[in-house]
Amino acid sequence: MAKNDAPAEKTSRLKQIRSAYQLTKKSDPWIGLLLAGIFLGVVAVFVALGFLVGPLLIWIPLGVALGFLAATIVFGRRVEKAAYSQIEGQAGAAASALQTLRRGWNVTPAVAVTKNADIVHRVVGRPGIVLVGEGQASRVKNLLTAEQKKHSRVAGGAPVITVVAGNGEGEIDIRKLTKHVMKLPQALQPSEITDLLQRLKALDAVRPQVPMPKGPVPTSLKGARQAMKGR
């Protein structure tokens, strides 16, 4: 079964990489030439070294490997930059960024939404409860304060931290949002996180269902990250 699954998995990864490339090319039309130039430039340097100090049979494969690595690193950065540029400013952009957090984090998009499209997302992890708001600054801060009070009642002493995603003063750019969350001081053990999630289920059960604002929620960032992981 594993052998049969391998070709399908490889095909899926190739599709993800192709999608990531197409996504990036929309905002970075020279990406193909850039990657080719980086690869060939690195190979050329190692070929020259092969002629100077020899033997070529060692330097050429090394140049090819390092050229591919350099092109892959640059591609990954360009993919991420393109994905962020496409989701920035859209409702739900912060949720899309937060959903790239890896294991150990529990992300719940849109635990609170207003008619003005101010949104609060929730992240639970070692730092405790992190409430991330996006929307108009003054309104979303009021919404965050209200949500912080609600969550504090069931937090059992766990920290409840608020963050505003945006480009204003005191706000966190969505490009830096996940890094900011991951760098928050750790306060809980895994067993305490499990207990906290159970208590939060009780809070979510009594609150009305709040739909995301109309329009597509951006998901290209998560897809782009998955494509690069596949490499």
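This is a predicted model: local features need pLDDT of at least 70, side-chain atom pairs count only at pLDDT 80 or more; totals for chains, interfaces and linings use all residues.

Residues are numbered from 1 along each chain as its sequence is written, and side-chain values use heavy atoms, with hydrogens and water left out.

Q: How many helices and strands does the protein chain have?
A: The protein chain has 8 helices and 4 strands. Helices (H or I, at least four residues) and strands (E, at least two) are DSSP runs, numbered from the N terminus. Along the sequence the pattern reads α-α-α-α-β-β-β-α-β-α-α-α.

Q: What describes two packed helices?
A: The angle between their axes and the distance between the axes. Take helix α5 (residues 137-154) and helix α7 (residues 190-206): their axes come within 9 Å and cross at roughly 125 degrees. Axes are lines fitted to C-alpha atoms, for helices over the stretch in contact, and angles run from 0 to 180 degrees between N-to-C directions.

Q: Why are α5 and α7 called oblique to each other?
A: Angles under 35 degrees count as roughly parallel, over 145 as roughly antiparallel, 65 to 115 as roughly perpendicular and the rest as oblique. The α5 and α7 axes cross at roughly 125 degrees. The two helices are therefore oblique to each other.

Q: Which hand does the crossing of α5 and α7 have?
A: The crossing is right-handed. A crossing is right-handed if the near helix is turned clockwise from the far one by less than a right angle, and left-handed if anticlockwise.

Q: Which residues make the contact of α5 and α7?
A: From α5 come Lys 150, His 151 and Val 154; from α7 come Leu 196, Arg 199, Leu 200 and Leu 203. Contact means heavy atoms within 4.5 Å. These residues divide into 4 nonpolar, 1 polar and 2 charged. Here Ala, Val, Leu, Ile, Met, Phe, Trp, Tyr, Cys and Pro count as nonpolar, Asp, Glu, Lys and Arg as charged, and the others, Gly among them, as polar.

Q: Why is Ala 110 called buried?
A: Buried means under 20% relative accessible area, exposed over 50%, partly exposed in between (1.4 Å probe, protein chains only). Ala 110 has 9%, so Ala 110 is buried. Ala 110 is found in strand β1. Its phi is positive, about 55 degrees, although Ala 110 is not a glycine. Across the protein chain, buried residues make up 36% of the 231 residues.

Q: Why does Ala 117 count as partly exposed?
A: Ala 117 has 30% relative accessibility, so it counts as partly exposed. Ala 117 is found in the loop between β1 and β2. Ala 117 also has a positive phi, about 70 degrees, although it is not a glycine.

Q: What makes Glu 169 exposed?
A: Its relative accessibility is 81%, so Glu 169 counts as exposed. Glu 169 lies in the loop between β4 (160-164) and α6 (174-182). Glu 169 and Ala 137 are 32 residues apart along the chain, and their C-alpha atoms are separated by 9.7 Å.

Q: Why does Arg 103 count as exposed?
A: Arg 103 has 84% relative accessibility, so it counts as exposed. Arg 103 lies in the loop between α4 (93-98) and β1.

Q: Why is Leu 57 called exposed?
A: The relative accessible area of Leu 57 is 78%, so Leu 57 is exposed. Leu 57 is found in helix α3 (residues 56-87).

Q: What makes up the largest nonpolar core?
A: A nonpolar core is a set of buried Ala, Val, Leu, Ile, Met, Phe, Trp, Tyr and Cys residues joined through side-chain atoms within 4.5 Å. The largest has 18 residues, and those with the most contacts inside it are Val 120, Val 124, Ile 129, Leu 131, Leu 196 and Leu 200. At least two residues each come from β1 (106-113), β2 (119-125), β3 (128-134), α5, β4 and α7. Helix α7 gives the most to this core, with 4 residues. Apart from this core lies another, of 14 residues, among them Leu 101, Val 163, Ala 165 and Ile 172.
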